[in-house]
Amino acid sequence: MQPFLKKYGKRVLFPGALIIGLLYFFLQQNESSSIEIIPAIANEQQPEIEYVEPIITPLVLVDVKGQVKFPGVYELTAEDRIIDAINLAGGYTDLAETKMINHAQRLQDEMVIYIPQKGEEVEIEFVVVAGISTNGSTSSSGKININKADETELQTLPGVGPAKAQAIVAYRSEVGKFQSIDDLKKVSGIGEKSFERLKDLIDAK
């Protein structure tokens, strides 16, 4: 064997080394091709991302009055309900009358939510004022104008029933326009207690 290697060793080893080198080169090329193809296939399989425009919910300001722990003006969204405004105002006091309140009603901008006291005579449990009225009976401040409101609109005020609403309209016809909201106390049936409930909800401009 050794004489054979001495005589033909160089002739055998050189072609063998050449073949091994070529095989290694081709294997490296195949591995490179595989690496390039895989990402391309992966990219084709990825789903397209669809852009969804965010939904913007408008903000509203509501005025919570009456038997709540912290009366005041609060900022919420148009998707919120009356119960959300009540909770933001600290919840009800022990004197609050709540059985007729629609807690599920959505809020509106410039809404007035009036919570009556137990035993208080009211026509509705809260007042909703949109800020604009077709006959101009609602002022820019969101209050009921006692010089312009008709009997139906006056009855949306807490403690104002048909009789008091009729008396207010009759006063305007007989005496003239109210010069200030304090003149409302001159109307028959409206005393100090009634006026205290109404003074923040009305104007005479």
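## Aromatic rings

Search the whole structure and you get 1 aromatic pair. That pair is Tyr 171 with Phe 178, and it is stacked, at 4.8 Å centre to centre with 10 degrees between the planes. For the record, rings of Phe, Tyr and Trp (its six-membered ring) pair if their centres lie within 6.5 Å; planes under 30 degrees apart are stacked, over 60 edge-to-face, and the rest tilted.

Are these two residues buried or exposed? Tyr 171 counts as buried because its relative accessibility is 12%, and Phe 178 counts as buried because its value is 2%. Buried here means under 20% relative accessible area, exposed means over 50%, and partly exposed is in between (1.4 Å probe, protein chains only).

## A charge over a ring

Lys 185 has its charged end over the ring of Phe 195, 5.0 Å from the ring centre. The cut-offs for this are NZ of Lys or CZ of Arg within 6 Å of the ring centre and within 35 degrees of the ring normal.

## The chain as a whole

This is a predicted model, where local features need pLDDT of at least 70 and side-chain atom pairs count only at pLDDT 80 or more, while totals for chains, interfaces and linings use all residues. Residues are numbered from 1 along each chain as its sequence is written, and side-chain values use heavy atoms, with hydrogens and water left out.

Starting at the N terminus, the order is α-β-β-α-β-β-α-α-α-β. Of its 205 residues, 32% count as buried.

Technical notes: Helices (H or I, at least four residues) and strands (E, at least two) are DSSP runs, numbered from the N terminus.
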